[in-house]
Amino acid sequence: LSEAGERSLTRLAQHNDLLLAWISDPLEAEPPPAGRYRLGVPGKIWSTDTGQRDLGKRWRGEFSAHQERLRRLAARLNASLMPLSTAEPALAQLRLGLVRRGQIARGAA
């Protein structure tokens, strides 16, 4: 989320209730097993070695820092932050998250 995006959310929060959805993949939270991996998109390929010393600690630290940044942003905007994982069906997560926040009735979920 860029600074311009944060400013837009700040303006939006002035007159609206916000629910921020944070979509992440388990690979963002934990690095894959030690090994050499090639990653990329057409025209750009990277190589990484997940067996590097302290990589897991740095990887998890960056994920935690990003998570904390989003939590602080949500708190500053007085918004709810709903984490969603690509490892689970999106609709079920949305329903559960909205029920937990009281935004839909339990029977409607």
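User: Against which element do the buried residues of helix 4 pack?

Analyst: Helices (H or I, at least four residues) and strands (E, at least two) are DSSP runs, numbered from the N terminus. In this predicted model, the buried residues of helix 4 pack against strand 4 (80-85), where contact means heavy atoms within 4.5 Å. Residues are numbered from 1 along each chain as its sequence is written. Local features need pLDDT of at least 70, side-chain atom pairs count only at pLDDT 80 or more, totals for chains, interfaces and linings use all residues, and side-chain values use heavy atoms, without hydrogens and water.

User: Which residues of helix 4 are buried, and why do they line one face?

Analyst: Buried means under 20% relative accessible area, exposed over 50%, and partly exposed in between (1.4 Å probe, protein chains only). An α-helix has 3.6 residues a turn, so residues three or four places apart point the same way. In helix 4 (residues 90-100), the buried residues are Q93, G97 and V99. Seen down the helix axis, they fall within an arc of 160°, so they line one face of helix 4; the arc is that of the directions from the axis to the C-beta atoms.

User: Where is confidence lowest in the protein chain?

Analyst: The pLDDT is the predictor's confidence in each residue, from 0 to 100. Confidence is lowest in helix 4, at a mean of 87, and highest in helix 1 (residues 3-13), at 95. The protein chain averages 89, and 94% of the residues score at least 70.

User: Is W46 buried or partly exposed?

Analyst: W46, in strand 3 (residues 44-49), is partly exposed, with a relative accessible area of 44%.
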